[in-house]
Amino acid sequence: MKINCFIPFANQKQAENIVTQLQQSVFVNRIFLLAMPEHDADCKFAQANCETLPVNDLTSSETVKKIAEHSDTEFSLIYTKCADLELGQYAIERFLQIAQNTGAGLLYSDYYKDGEQNPVIDYQAGSLRDDFDFGAVLFYDAKRLKQAVLETVDNYRFAGFYNLRLKVSQRAELFHINEYLYSVAEQNRSESGEKQFDYVNPKNRAVQIEMEQACSNHLKQIGAYLEPKFEDVNFDEENFEVEASVLIPVKNRRNTLEDAIKSVLSQKTAFKFNLIIVDNYSTDGTTELIAKYAEADRRVIHLVPENKNLGIGGCWNAGAAHKACGKFTVQLDSDDVYKDENTLQTIVNAFYEQHCAMVVGSYSITNFKMQEILPGLIDHKEWTSENGRNNALRINGLGAPRAFYTPLLRKIKAPNTSYGEDYALGLAFSRHYQIGRVYESVYLCRRWEGNSDASLSIEKQNVNNFYKDKIRTIELKARQLSFLAVPNDKAEWLA
């Protein structure tokens, strides 16, 4: 069994170090240095079995095609970073051994980053986000790699490797090795300092267009793509006392909740609305605060659910089921506030103007004093009415605030979790109905210590990412089943 290796050339020292390590393995056949035009003159190696492979982009379909053309061994090892790489003890042998034992199309492993352990997660059918962390060492079955390239029609500049792993996943397993087989140096810090928002950076729009195209093509090939045909929404399905209810699930947010309440009660609307606060057994004075406002203003409904084992999603279900809930249920987190007095009217208008079952707004990131901070406005303009519900399986969120037509919210229901419950609802709604958008900022998302995803440990990030991938997997299967079972306009609820 032999392996051809493909390494991006950054500089002479980096390349020599990696090449020297690879040449110590008897299983390495040839080593190719992927040299961008600006490095081509510097990339001169005298070592045996080491060759220069000129490429114009490190992420393009053309580069993937060149790798396939030079993958004349059983396996291909591709290193995807320009940083220093240190292979662990018998790492090459371990990749090879597990590849032979599993027949996987792609293998990847846990790794060390800057000396710290960086575990990754198992790949699922729903692991469609293009920022899935495979680490920097990809170990491909060369036949699967070549087959994927042959099946690729589109020519991508940015989505070459994303498309490659989607194609391979259609015919073979992507296998996670729960072992730390190598070490890399961290080199990529987001300009915004918030990696989770990079995909909505306008400067990355060209990248996102390609990623969306690759993902949509994949969904078509696996029978999970949805045409832009939507079920109708009947806004006269039920009678409601109020037009809209703002719903705040809360537990122990005494220091932030009052601002949220005031931002709701200050709303100016042409319709009646109320505020349902689902108090999830707070112990820090939050309960007393809610009671004070409920006593002073009949619009405030203080709801303590009977079930003591509810997450945020469970609190949403309890609030939506309440007899006082209005025709539209509008989200507000207990940490955040509406931008101004017109937010609620703007959201309700969007339901009627766009005739949709769910509305998603745009928000601004602020500090605790409500001063805008980077990355600023998050408007999710990658959404389109034609393909948004397909692209929703690739991106990691839909935006905020979120609002739902209540009869459908009561039917679908949120999963009883405290992470990803809103995303699961959005996917389920989008499977059948059009989602409306408000692209102006109507919501202030306040960042303070302890409430930002960016501050989570790698272990907690992995738990969250794995669960969101699971949500996508469930939705993917539901779309495949509904596609196979019945026409789109008669699909049954599979949420």
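This is a predicted model: local features need pLDDT of at least 70, side-chain atom pairs count only at pLDDT 80 or more; totals for chains, interfaces and linings use all residues.
Student: How many salt bridges does a search of the whole structure find?

Tutor: Residues are numbered from 1 along each chain as its sequence is written, and side-chain values use heavy atoms, leaving out hydrogens and water. A salt bridge here is a side-chain nitrogen of Lys or Arg within 4 Å of a carboxyl oxygen of Asp or Glu. Searching the whole structure on that basis gives a total of 18.

Student: Which residue forms a salt bridge with Arg30?

Tutor: Arg30 counts as partly exposed because its relative accessibility is 21% (buried is under 20% relative accessible area, exposed over 50%, partly exposed in between, with a 1.4 Å probe and protein chains only). In this pair, the closest N and O atoms are 3.0 Å apart, and the partner is Asp72.

Student: How many residues apart are Arg30 and Asp72?

Tutor: Helices (H or I, at least four residues) and strands (E, at least two) are DSSP runs numbered from the N terminus. Arg30 lies in strand E2 (residues 28-35), whereas Asp72 is in the loop between H2 and strand E4 (75-79). The pair thus links distant parts of the chain, with a separation of 42 residues.

Student: What is the N to O distance in the salt bridge of Glu475 and Arg479?

Tutor: Both residues belong to helix H14 (residues 458-485), four residues apart, or about one turn of the helix. Glu475 counts as buried because its relative accessibility is 4%, and Arg479 is buried at 0%. Their side chains meet with N to O at 2.8 Å.

Student: How are H2 and H5 oriented to each other?

Tutor: Helix H2 (residues 61-69) and helix H5 (residues 160-169) have axes 7 Å apart, at an angle of about 55 degrees. Axes are lines fitted to C-alpha atoms, for helices over the stretch in contact, and angles run from 0 to 180 degrees between N-to-C directions. Under 35 degrees counts as roughly parallel, over 145 as roughly antiparallel, 65 to 115 as roughly perpendicular, and the rest as oblique. H2 and H5 are therefore oblique.

Student: Which residues of H5 make the contact with H2?

Tutor: Contact means heavy atoms within 4.5 Å. On the H2 side there are Ser61, Val64 and Ile67; on the H5 side, Gly160, Phe161 and Leu164.
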